[in-house]
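Q: I'm new to this structure and would like to go through it slowly. Could you help me find my way around?

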Amino acid sequence: MKVQVLGPGCAKCFALMNHVRIAVTALNLPAEIEKIEDIKEIMKFRVMATPALAIDGQVKFSGRVASSNEIKEILNQYVAEVN
Amino acid sequence: MATIRLSLSSFYKSINEPFFIPSWIKAGLTAIIWYIIYKNLAVIANWVTYDLLGFSLNSHIGSSIEFFIFEVPKVLMLLVVVVYGVGVIRTFFTPERTRTFLAGKKEVIGNILAAMLGIVTPFCSCSAVPLFIGFIKSGVPIGVTFSFLIAAPMINEIAVVLLFGMFGIKITAIYVLTGLLIAIFTGWIIGRLHMEKYLEDWVNEVEAPLENNINVSISWQERLQAGHDAVQDIVKKVWLYIVLGIAVGAGIHGYIPTGMMAGILGKNSWWSVLLAVLVGVPMYSNAAGIIPIAQALLEKGASLGSVLAFMMSVIGLSLPELIILRNVLKMPLVLTFVGVLTVGIIIVGYLFNLIF
């Protein structure tokens, strides 16, 4: 699975990236974390605010920095849905 | 000593028992203590400077230090309260909801609503492109979109706190109202110029952004948490600028003679507003650093119009945001945007120099 952090490189985007790393490591998931900084690529996800989080191309939230606990919940939910 | 320590520790223990003091009483007590300290800051600053530190009255250094000791805690205390409040209010507004509300609104009404929503909708200049595309793609007219993009950074909670803390309620109201007027008029003019063809070509091919947070229902606890997070985030980011800005302001306050600025930025020199804007436009600082300096300039004889124009051009026009917007706007539109906004600020500056 691919966890995608969308953001052109502002402070909030880095904060979200860190929270995602913490969450993925804590859950010990075989996930690839991808940072998408190109604005045209970001717009393909059809978000209206950054930073945003997507899993396998599916946007989970946009325009805020979620805590690593919330990201853990989102990841768990996604894994449960897929399996 | 031992008995005192014992009774103190049991006292603190009793405050921390959650069932003993409910959280709303704690919040109330915090508010009362906040208010008492806030109301007595001038007395405290005076006492610390002249009695505790022993600076002599009427000395340059004493005057500077008293100013600094008074202003720094005052502005920081105001900032915490306002940022908390705005953080909570902003959980009710999202860019997506604002867009849906503005879509299909006619010009003029649309410009007015967009400028006002620019104040309360969460906005970060790094998000300017997705927001811009989201607006345009769902039928918000280009001029209305610009009204939003001008008001959002110019009238922000940090600017309002610093204006209120350093200048008082009257000048804060003037800044907010003229800021709104400039956003409304500038956006309206850009709309009248029909510059849709100066959008970058790739914008036409992008699909409209979706409402991505539709299933999120926010509890009150989360709204309050958002206020708390906003305080942590913003205070951490701007406290140093505030301290530095007030330190420079304190230096000007204590050392530069009253009236010295009258020659350079006073109302009788015709070039003062132009000079203020020319210096202000390329300068990029957040409101936190610039407003304390502007206040000191006003105090030393600079005219209100020049100071207002200076603050607006520093806060409202920033190079990083223009570079980000260049991704979606062709050069003629970027230049029109800067040009019309600059002219608007200059007009406001001269207007205030005429009135006051």
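Q: Which residue just after H10(B) takes a positive phi?
A: That residue is His194(B), which comes just after H10(B) and has a positive phi of about 50°. Helices here are DSSP runs of H or I with at least four residues, strands are runs of E with at least two, and both are numbered from the N terminus. Please bear in mind that this is a predicted model, in which local features need pLDDT of at least 70 and side-chain atom pairs count only at pLDDT 80 or more, while totals for chains, interfaces and linings use all residues. Residues are numbered from 1 along each chain as its sequence is written, and chains are lettered from A and ligands numbered from 1 in the order in which they are written.

Q: OK, and what span should H10(B) have at 1.5 Å a residue?
A: The 24 residues of H10(B), 169-192, should span 34 Å, and this agrees with the model because the end C-alpha atoms are 34 Å apart. The expected span is 1.5 Å times one less than the number of residues.

Q: Which helices do the buried residues of H10(B) pack against?
A: They pack against H6 (109-120), H8 (142-154), H9, H16 and H18 (331-355) of chain B. The buried residues include Tyr175(B), Trp188(B) and Ile190(B), where buried means that 20 or more other C-beta atoms, placed from the backbone, lie within 10 Å of the residue's own.

Q: How many residues of H15(B) are buried, then?
A: Twelve of the 13 residues in H15(B) are buried, among them Pro292(B) and Gln295(B). H15(B) is followed by Gly301(B), whose phi is positive, near 110°.

Q: Switching topic, which residues touch the most other members of the largest nonpolar core?
A: Ala151(B), Leu162(B) and Met311(B) do, in a core of 117 residues. The largest share of this core, eleven residues, comes from H4(B). Such a core is a set of buried Ala, Val, Leu, Ile, Met, Phe, Trp, Tyr and Cys residues joined through C-beta atoms within 7 Å.

Q: And what does Ala151(B) touch?
A: Leaving out residues up to four places away in sequence, Ala151(B) touches Ala115(B), Gly118(B), Ile119(B), Gly179(B), Leu180(B) and Ala183(B).

Q: Now chain A: in what order do its elements run?
A: From the N terminus on, the order in chain A is β-α-β-α-β-β-α, which comes to three helices and four strands. Of its 83 residues, 39% count as buried, and the C-alpha trace spans about 30 × 25 × 15 Å along its principal axes.

Methods: Contact = placed C-beta atoms within 7 Å.
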